[in-house]
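Look at the model, then follow the questions.

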Amino acid sequence: MTDRDGALDTPGAREEDRPDSPALSAPPAFAHASEAEMSRILDFYGVRWEYEPHTFPILWNLEGTVVESFTPDFYLPDLDLYLEMTTLRQKLVRKKNRKLRRLRALYPDIRIKLFYARDFRALMLKYGKLALADALSGTSGQVVPTHGSDDPSTPTEPASSPLAPAPGGSTLARRRTHRRRRSSAPAAATAQAAAQ
Amino acid sequence: MSRTVDLEADVQDVLVSEDQIQAKVADLGRRISEDYAGRQLTLVSVLKGSLPFMADLMRSITIPVRIDLMEVSSYGGASTESSGLVRILKDLSASIEGDDVLIVEDIIDTGLTLNYLLRYLRGKNPASLRICTLLDKPARRLVEIPVDYIGFTIPDQFVVGYGLDYGEIYRNLRFVGVLRPEVYTAGE
């Protein structure tokens, strides 16, 4: 990022001509190395992104307390698009697919794209970094957990309520929580539907 | 390079044949000629992959047309590490202000490069800015971009030929083919 000015020294690439570049700030603590790589790709092409800015409740218990939520990895504000990286084991992919279906059912206006391991691999192939794909896929690409779990295969969701701030000021504490557009459906029905 | 490259043998399947390409290019040229009749059209080709498509397409267009070339760095390329931002390696050689501009692409997959180019070229104040691509791979799309002229919609496979490369080779194949996976996994 420090070479930003140098990047403008190409013929015709005056600063006023360049598309807007992402804001320069310290990168967040990514949960997975593939997410960090994706952030670099988005930065490269001048696509603004936010890391895990929103948490969506997707399951409530009978008391109406949120028991499951979904926090997409990236939000691309200029495209109004959420991006979820899924480079983990198949078992966790299935779990994430289920959560995604639930998210789409509850929040139909949200645009979200799931990036599977094969998608990430294809991206790395396109950019001539295929060797990196394997290194950054699966649990081997896991970095220091930032979601309160020592087990890298543990799903990154809050143990109790997504509204509760995580200890130690993790990324969870900085998330805003979007409210579901549904207002009066019985919680029991919601829980039953999610269990299917 | 340690192994001998046999261009055609490295291709698993021919996805779009030379005849299919030529027929499609002729059709696109006819449509573009009709749509832009009486207007000042500038074709902007994005190097290097779109070079063969540009050369064939411009000759199938029957109205007066200007051409220009651009090249931008790709993520993972030599300039990536130094800047972390896309670089315009070759800019337009003339103003496009007031022109009807048609971007000529070889393939659109994620849409990231094209999204960048669109923002850049809009800043040059063309009268209109549209897109023509030989190949569209929608399964890979990250940035939704309206594409006005599409030659072929292809499945989610890694393709080479007719300008498309892997490691800067295979561009000179006269067709578009699926590269054998063992070619790009051999070095892993």
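Predicted model: local features only at pLDDT ≥ 70, side-chain atom pairs only at ≥ 80, totals over all residues.

Q: What is the mean pLDDT of chain A, and what share of its residues reach 70 or more?
A: The mean is 66, and 53% of the residues reach 70 or more. pLDDT is the predictor's confidence in each residue, from 0 to 100. Over residues 1-18 of chain A the pLDDT is below 50.

Q: Why is strand 2 of chain B called mostly covered?
A: A residue is buried if 20 or more other C-beta atoms lie within 10 Å of its own, exposed if 12 or fewer, and partly exposed in between; C-beta atoms are placed from the backbone. In strand 2 (residues 41-47), 6 of 7 residues are buried.

Q: How do you know that strand 2 and strand 3 of chain B pair?
A: Two strands pair if DSSP finds at least two bridges between them. Here 7 bridges join strand 2 to strand 3 (residues 65-72). Strands are DSSP runs (E, at least two residues), as are helices (H or I, at least four), numbered from the N terminus. One partner of B:Leu43 is B:Ile67.

Q: What makes strand 8 of chain B an edge strand?
A: In the open sheet 1-9-8 of chain B, strand 8 (159-160) has a single partner strand, so one side is left without a neighbour in the sheet.

Conventions
Residues numbered from 1 in each chain as written. Chains lettered and ligands numbered in written order. Contact = placed C-beta atoms within 7 Å.
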